Amino acid sequence: MTRHLLRILLLVGLAAWVPVTYAAAPPLHFTKLDIDALSSPMTMIQDHQGFIWMGTYSGLYRYDGYQYRYFQHQSNTPGSVPHDSVSSLLEDRQHQLWIGTRNGLLLFESETNTFKTYLPSADQGDPQQSRQIRKIVSDGKRGLWLATRLGLQYFDPDTGKFRIYQHDSTQPDSLARDNVDTLALDRQGGLWIATWPGGVDYLPVGSSQFQHYQINTPDNSPLAKNIRALFVDSRQRLWIGTDAGIFLKQPGQNWAQNKQLPMPGIPEDFRVHDFIEDSSGTVWAATVGGLLRWDDAQQQFDRYQHQLEDPNSLVGNHVLSLLLDRSGSFLISTRNGISRVDLSLGGFEQLIPRTLQGKADYTDNTVTAIASAEAGQLWLGGRSTLLLIDPKTRQIIKNLTAKHNRKDGLPNDIIYSLHQQPKGPLWIGTRNGLIRFDPRQAHFQSISLGDIASNFVNKIVPGLGGTLWLGTGGGLIEYDPTSGILRKFQHDPLDPHSLANNSVSTLMVDRVGKIWVGGDISGGGLGVLNPATGQFQHYYFAPTNPAGLANNFILDLQEDPDGSVWIASTSGISQAIVTADGSLSFRNYNNRDVLYSDYIRVIKIDKTGKLWLSTNAELAKFDPITAQFSTYHLSEGFSTNWVYGASLVDGDGMPYFNNLNGMVVVHPESVRNNQIPPTVAITDISVLNRSLTEDVNVEGVKLEGSTVAPKALTLPWRKLMFSLRFSALHFADPMRNRYAYKLEGFDRDWVETDSSNRVATYTNLNPGQHLFRVKASNNNGVWNETGISLPITITPSYWQTVWFRAIALSTLMGHWQRPIFGVSDNSGGFRLILKIRLQSGLRSFKT
């Protein structure tokens, strides 16, 4: 064996420690909404059905998770939006949608998809100013408060009248300024009013006298008087967003005791656009410097911003508006688009090398191997890179990379396996041999294992006696760190107890020292080596043996705390069971109803004994006690492209899995997913491929309600095709929602479908009463079994009616019994009588 002593290629060294004032924010994994045609919403709400409405500078949008309906101004079209700039939205207690625009207050009339405009009278001030509505707030009853450029307005929907409050220099308790930016209502019905640049006014419920307050800062910054956002949370605290920062007033506290909250750096052009409170009572702020989350325990803000290296970071830093919907989704509108995050999903973290402190220009996000180091640190192997990181502080401690000349350092090659010998060297497996690295001496040594195939080191696993077991392309090698190769096991076609296949890509040493080997390239099944005898016992897949191995392609092997060995294959997972004669049988687990893919790349076992699985499509958890799978569908780009099978369970029992964007870290005690069932809605009804929203005029077609809130549908009998579109208004991950529909009296069973085919089409139905039903599940398979239903009536043609048949029957009977009007049975009299009676019946039917 030839050994090459290599010098260290490049040691970038220790990353400088920079004290961090603010702790890392709880990890959130954002996904950009794929609705690029929609401009950045300034305001967003969710209505009582579950639709999301978005107001933008270019119009109003209604979104169902897949598609949107766009409303904009159309000249000379009665009932259209009078102005495309939509600044505020509100749904009142009567489920009426109110829209604030630059040209008046609008009421959406859902059955006609039109808008009714309300304007102050001509004698109530400059219409250019009084019609510009910035904020709508309910008074808690039926009335509306409006913030406008020409004072505070109160609108009474019952009378359609406006009352306007303005500044009066002769009245000290009048409105401080006419230019009102925003409003907030407290629990008592009192109104907080931001006037520019006059500070904050308060109007007690039932009063017409305004109380005036100012925001004061130590430097008397005039920016503190520019108040852009107000919010009263569930604890009745008043949040005040200014151009100088965020201030908080506690309930019952003297105004002078208001405090400015510490910020993680305020840009010169700082501004707060919006506040919102989530179900846990946490308050979030939309600012020009990112999304802020108030940590009440630490009394500080966490900040989320766009990071170029993180595809699951916020899409943009200038945040305009926020929406927390009833499905647990958090929508964040920015100048660069809309981000979505599922707040009900927890326990997962993305660790991306290029986002860590101490990164270099050549730092690569690809992680191909992981190993534990001292003091909770981790070694990460990549494509010609080797990193030592501290995952808790998110620091790169050492950053090693390859020069072009391989003789000077780390080979320019992919690292396939890593093993940190306790208080010893780091062992590195590449396709060009084994490498010994001494971190203290910064010294690399390359070790040849013989032929080209044997130098392809897939796996390094420590044995019980201090030796290393190497899975290579040329067989299984027992290696002594001091003396070198001890034994090499290869396939011998004449020896049934030899290695089944020379390509060993996975291996494990169990607690008694036996070596378990498998491969994912040639499908050699499972081999178990007794080191004492040097013989393998082989196990293969057999279609007729239910206790046999699930598949011959073995991708991972793990032993649990009870001594059971678990096997990952391309057909699920298997548990090895020791039989009475010492051989193995297998208990196989695979649930295609739960798992999107049964191609299991990696198994990791947490400290509670649960199995964590990375598949081709997802992360999953398996409970050996209940034999139940749970799947976790993380953000796009976060859980896809699981590659190389690099994984680890650290000293705290947290599994690490690699993907193309670094690593996913699982915090088992914090794992949760979305258990909120979806709301289901019909989103469109079409007849003869034309939507009824387009004023389709087909004789006999009658729709009660609207196309998105239908109450009943009547259609005439003919070969008339109609379609019903539907959506689960659950926005955590709409593409993973599933559906089932049924037309009672026509469909025998539920028709299941996915998000790509959310439509049911029928034709040639029999006359009578029908009931269309649709139900849906969320992205985690939680079903709304009730769903929604729509009564459908198919009216018959005249010859299918009871009266027609009665007339025809009586005519026939009379014709058979006697001659009529002296006309013989063979004459045309019968036809004449039938025609007269039918005409009479048709007249009575029409009336």
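When I say that two residues touch, I mean that they have heavy atoms within 4.5 Å of each other, and please keep in mind throughout that this is a predicted model.

Let me start with Arg237, whose place is in the loop between strand 19 (227–232) and strand 20 (238–242). Leaving aside residues up to four places away in sequence, Arg237 touches Phe231, Val232, Leu248, Lys249, Gln250, Pro251, Gly281, Val283 and Asp296. Is Arg237 buried or exposed? Arg237 counts as buried, because its relative accessibility is 2% and the cut-off for buried is under 20%.

The side chain of Arg237 also has polar partners, for it makes a polar contact of 2.7 Å with the side chain of Asp233, and another, of 3.4 Å, joins it to the side chain of Asp296.

Now to the nonpolar cores. The largest one has 28 residues, and the members that touch the most other members are Trp53, Met54, Leu60, Ile99, Phe115 and Leu331. Several strands each supply at least two residues of this core, among them strand 4 (52–56), strand 5 (59–63) and strand 8 (97–101). There is also a second, separate core of 26 residues, which includes Leu720, Phe726, Phe772 and Leu790.

Coming back to Trp53, and again not counting residues up to four places away in sequence, its contacts include Leu60, Phe71, Leu89, Leu97 and Phe108, but also Asp47 and Arg62.

Conventions:
Residues numbered from 1 in each chain as written. Predicted model: local features only at pLDDT ≥ 70, side-chain atom pairs only at ≥ 80, totals over all residues. Heavy atoms only, no water. Core = buried A, V, L, I, M, F, W, Y, C linked by side-chain atoms within 4.5 Å. Buried < 20%, exposed > 50% of the residue type's maximum accessible area, 1.4 Å probe, protein only. Helix = DSSP H or I, 4+ residues; strand = E, 2+ residues; numbered from the N terminus. Polar contact = N/O pair within 3.5 Å; in protein donor to acceptor, adjacent residues only side chain to side chain.
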